Amino acid sequence: MRVRPMGPIVPPTNIQSNALAVVIAIMAFLACLTLGGVSMVRATAASWQSQISREITIQIKPDDKLDMNAALTKARDIALSFVGTRDGQIMDDAATSRLLEPWLGPNLNLDELPVPRLVVITIDEQNPPDFEAMRAMLKDEIPQASLDDHRTWVDRLVSMAHTTVLIGLSIMTLVFSAMILTVIFATRGALAGNRHIVEVLHFVGAEASFVGREFQKHFLKISLKGSAAGSLLAAGLFAGLGFWQSRSLATPQSDQAAALFGTFSVGYGGYLGIFATMLIIALLTTITARLTVMRTIHEIDQIRSDPARTDILPD
Amino acid sequence: MIHFENVGLRYGMGPEILRDLTFDIPKRSFQFLTGPSGAGKTTLLRLLFMSLKPTRGLIRTFGRDVNTIPPGELPMLRRRIGIVFQDFRLLDHLTTYENVALPLRVRGKDEITYKTDVLELLKWVGLGDRINVLPPVLSGGEKQRAAIARALIDRPEVLLADEPTGNVDPPMARRLLNLFLELNRLGTAVVIATHDLGLMDQVEARRMILTGGHLDIYE
């Protein structure tokens, strides 16, 4: 009679291990979703901050004695003479009219109104110019000019972005803590149904390390299966949403989504984080399985010293 | 080989289940352990198997005081003892063949080195045509024979069997007894815990009778 190929010492599938794989998949999905969400919030906050701090504005108030066009050109030249500035653009009459259109209506004649005029200067974010020196020089040369370096807004946005990221990180910490605890308890629950196997192996002379290794292998497979499913689902969701957003640029739905969430792209860092989460979950399950098996063996050995605890041994 | 000296055992704060046990299990010896139900036969087997420590007294197994053996060394010592549990303790997801081969597998042996031995032993205990069957499908007697084969497969120095013929018919009981005797002739010390007077009458062997926690030995 032919002997079937040796089956694994730990049964490959049972209700507990299937349930554990599902729990791990759900927790991996939630953890990856949170991770991707935080990564998106960070990117969006950084983009707001970068957009607003990339420019400064010189405002020149009208004055009877002032040649506005000459003052605008002079202000731009002064600003561009500083190291750290890149480009300067005078907002012409048409641009200024467009800017004021929501308040003053169309067909605005700027000559009839004493409207301040603007010069927009693009700066190098990494190496910004000396704003105080620029402000002082502009005041000296053009008393009607004032420099707005957007610091107030930048500071508010930075603070808001930091708060948002901090909230995201706190949520992520909570989700990860819940994930760790759920995975640990689910693994221990799944192992409880296998206690008799640990006992039999122990009594037929298996060393603790052998038993630990067998269960470790088994739970590594389950956790990789579960965490891969959850992580891939989350990664697929981000990729799908990113694709949808890129395909529906400038549509009302996409603009609304972009205004609410920023771009759905989590970038390579985000996908790397999702992959790392998957590995962390797999590792966590495996370590928990090993420690639980070791503790079970320790308990069996403890019964030797305390016969009153033989309640867990069959007669 | 195994030496008991004034051994006593109690569960928690209860009365002593076993009292002042002093005896030896010599090499190549054969003995029956008997006594009324609840006398402590299974507990005594557990002490012999080192799955319990005595509350008092000294037990030396293979020259080692069991009270001082570190847990890490127990598996190596247990490999020298074969045990047949009363409830068989077969793994339901492994076939009869795999259950019997389990002690060799956990020792890291290659299947090629033991496959023939396992199949021969299974044939000997009458399970030659049940090698690929899972325990839930086996009858009580078949499970018992599989459990016995698992205990014997690595030719232990001591065999402890708890009611090994409890679920088999008299001809099979006789056959299993012959197997134990054969093993004994090959050098294994055998301790059989049983109620079966008929079985004991078939062999001239030492009888250890447990009554009320006391042990009387009839050589």
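Helix H1 (residues 41–48) of chain B lies across strands S3 (30–34), S7, S8 (189–193) and S9 (206–211) of chain B, and runs at about 155 degrees to S7(B). Here helices (H or I, at least four residues) and strands (E, at least two) are DSSP runs numbered from the N terminus, while axes are lines fitted to C-alpha atoms, for helices over the stretch in contact, with angles from 0 to 180 degrees between N-to-C directions. This is a predicted model: local features need pLDDT of at least 70 and side-chain atom pairs count only at pLDDT 80 or more, whereas totals for chains, interfaces and linings use all residues. Residues are numbered from 1 along each chain as its sequence is written, and chains are lettered from A and ligands numbered from 1 in the order in which they are written.

**The sheet of chain B**
- In chain B, 6 strands form an open sheet with mixed pairing, in the order S6-S7-S8-S3-S9-S10; strands pair if DSSP finds at least two bridges between them.
- Its edge strands, S6 (81–84) and S10 (214–218) of chain B, each pair on one side only.
- S6(B) and S7(B) (residues 158–162) run parallel, joined by 4 bridges.
- B:Ile83 has B:Leu160 in S7(B) as its bridge partner.

**Where the chains meet**
- The contact takes 23 residues from chain A and 33 residues from chain B; two residues are in contact if their C-beta atoms, placed from the backbone, lie within 7 Å.
- H3(B) gives the most to the chain B side, with 5 residues.

**Chain A**
- Chain A has 4 strands and 9 helices.
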